[in-house]
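Hi,

Here is the structure for you to look at. Please open it first, then read my notes below.

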Amino acid sequence: MTVTKTDARTAAARGAEPAAAAGPTGPARSERLTALVQQHGALAVLVLVSLVASFSFDSFATGDNIGNMATSSAFLAIVALGMTFVIITGGIDLSVGSLFALGGVLAAWGSRHGTLVALLLPLLVCGAIGVVNGLLVARSRLAPFIVTLAAMLGARGLMLALTDEGADTYLIGKGSFLAELGQGTTFGLGNPVWITLALFVAGAVVLRRTRFGQHVYAVGGNEDAAALMGAPVARTKILVYTLSGLLAGLAGALNAAWLASGVTILGNGMELEAISAVVIGGTLLTGGLGYVSGSLVGVLLLKVIQNVINQIGSLDSSYQQVVSGAFLAVVVVAQTWLGRRRQLM
Amino acid sequence: MAEATLKTVPLDRTRVLRWLQTYGVYAGVALLLVVNIVITPHFLSAENFRTQAVQVAPVIIVALGMALVIGTEGVDLSVGAVMALAASVTALYLGYGLLPALLVVAVFAAGAGLANGALVAFVGVQPIVATLALMVGGRGLALVLLPQLEDLRNPALASLGSGDVLGVPYLILIAAVLALLVAFVVRRTTFGRQLLAIGDSRPAAQLAGLPVRRVLIVVYVVCALLAAVAGVLATARLQASDPTSLGNLMELSAITAVVVGGTPLTGGRVNIAGTVAGAVLIQLLTATLIKHDLPPSWTQIAQAIVIVCAVYAARGRGKR
């Protein structure tokens, strides 16, 4: 076990040792700077954008606006958490947007049979689709993007079949535990925000402090090396896709509880938002390196930019997509360059 | 490991599998045709074939470009967004006449392809990621340029969408000519050879002195241009520019057509005839399900299953 741990750490700090061994502190310092930009660049931009926004718009830094932003970020953040695990293994999950919508519809449909069914049904179905994704990727060795693209189509088809081609919208009764879970507040913040924070803490602990987490890094760093060292590559992959499916379903269920209905048109393009957030947060799309906390920052950054675009008012909401796309391109180029510098040193 | 399993599997089974991988798509098309002739009323009418062909033409055109990109061991997720971009730019510049509008569309598409190609060839980003950025941003840009559906009244554009030569619609003719052209380029030109060599092994192609970066950039530009052609033709047929939904999930349809048609995702081989047949297969499957009153939801689920089965059957072929 210790072997894998060491590998994951060296994978995370790749290149640092040769640079340090080279002697002078110059290259080591720039190496550390590179890592710092990689890990905390998004946080710096988030702080900067938030500061500028709160000076420019009176309505930005108000309690209401921040509360709204936090709640609406929560659902995307939960999806991005699962995506972080998948991307660290070097994979990608394009099915989360559809699973989010499916989870919401299943929760609303199931809420007629009690809260337990409403929560378990989306987890069960979306988790099962995640297992299928994982099996096809890990055991049959199919390309993750095509498997999950097919799952995205299949899950949306299933969701439409459940709702009479999107014509039925199931409602969640007022006053039920589920509605309280989605709409209620604790200490001034919406319950989904607390659930999200709890999930992120758990996710960070799992990724950093457990054997499974180390396997996730090892598989993404170098799959063959991980397999040679005895890490259960296939099991790890199946687990991360299952986790991603479960979290997408949970996020959909919570979102349905928040909206009090299973809205069928949600989740379109959510996979792209989630991937953008994860990448902006410093997780490498090539796998082997990533941070759960970075993904949270990435989600917040996207939502703050969206909020600012809404506040400007004259700008259409589609600018949000343009900004996300441009941002994604810039981050990916920066990552590739930073990564290349590391390899050179 | 692969060699060991190959030896133990009886020869007949390998042969059947290989035959299925190469000719399965044609067998599938033939099977669907026969089934439809038997069970679907009015299937054998010229009108029906015309409708099916016109519907499949844009998918074929996009799939041709996708086949080239996949041949280089890449993938282009931005084709749907480029179609939407082409639709909104057409609407914006149609006032100056059809030809100037088409030129501007070509400039936009070439720019999109150049961005993808540069990210892949010069920066060295993985193709999925490079084209993902444009997939997100491209549709956003299309919506910024043209926020909602706009009806287009232009006789030249209308005739492009619904005119015909001797009963064969322009759309089908254009798709057929482009397919022949792309097949010729892949099989008979230096560029085609270089493209396949890069897909087989990029380091080897680099060491052999091939202009890897130039070829990659041209491939992504061609793919974007073909997607733009499909976008303009679809807009011409609709007689309306619809950047919100035009080209949605087109990347999936195109990749499916390419993979079902026997082009491995691992690059180094391109099967153009198979790609066209793959697009036709998906179209026939969808049409069959819809004509028998299965709701679109079930069509989507069936399509998802077909994709997974096709990719599963094609697995390992590229590695040999």
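Which residues are buried in helix α9 (residues 190–200) of chain B? Keep in mind that this is a predicted model. The buried ones in α9 are Q194(B), L195(B), A197(B), I198(B) and G199(B). Look around them next. Their cover includes α3 (46–71), α10 (202–207) and α11 (212–238) of chain B.

Now turn to chain A. Find helix α5 (residues 96–110) and helix α12 (residues 233–259). Their axes come within 7 Å and cross at roughly 50°. That angle makes α5(A) oblique to α12(A). The crossing of α5(A) and α12(A) is right-handed.

Which residues meet there? From α5(A) come V96(A), L99(A), F100(A), A101(A), L102(A), G103(A), G104(A), A107(A) and A108(A). From α12(A) come S244(A), G245(A), A248(A), G249(A), L250(A), A251(A), G252(A), A253(A), N255(A), A256(A) and A257(A). The residues of this contact divide into 13 nonpolar and seven polar, with no charged ones.

One more residue to check is L33(A). Its place is in helix α3 (residues 25–56) of chain A. Is L33(A) buried or exposed? L33(A) is exposed, because it has 11 other C-beta atoms within 10 Å, and a residue with 12 or fewer counts as exposed. Then compare its position with that of G97(A). L33(A) and G97(A) are 64 residues apart along the chain. Their C-alpha atoms are separated by 35 Å.

Best wishes

Definitions and conventions: Residues are numbered from 1 along each chain as its sequence is written. Chains are lettered from A and ligands numbered from 1 in the order in which they are written. This is a predicted model: local features need pLDDT of at least 70, side-chain atom pairs count only at pLDDT 80 or more; totals for chains, interfaces and linings use all residues. Axes are lines fitted to C-alpha atoms, for helices over the stretch in contact, and angles run from 0 to 180 degrees between N-to-C directions. Helices (H or I, at least four residues) and strands (E, at least two) are DSSP runs, numbered from the N terminus. Angles under 35 degrees count as roughly parallel, over 145 as roughly antiparallel, 65 to 115 as roughly perpendicular and the rest as oblique. A crossing is left-handed if the near helix is turned anticlockwise from the far one by less than a right angle, and right-handed if clockwise. Two residues are in contact if their C-beta atoms, placed from the backbone, lie within 7 Å. Ala, Val, Leu, Ile, Met, Phe, Trp, Tyr, Cys and Pro count as nonpolar, Asp, Glu, Lys and Arg as charged, and the others, Gly among them, as polar. A residue is buried if 20 or more other C-beta atoms lie within 10 Å of its own, exposed if 12 or fewer, and partly exposed in between; C-beta atoms are placed from the backbone.
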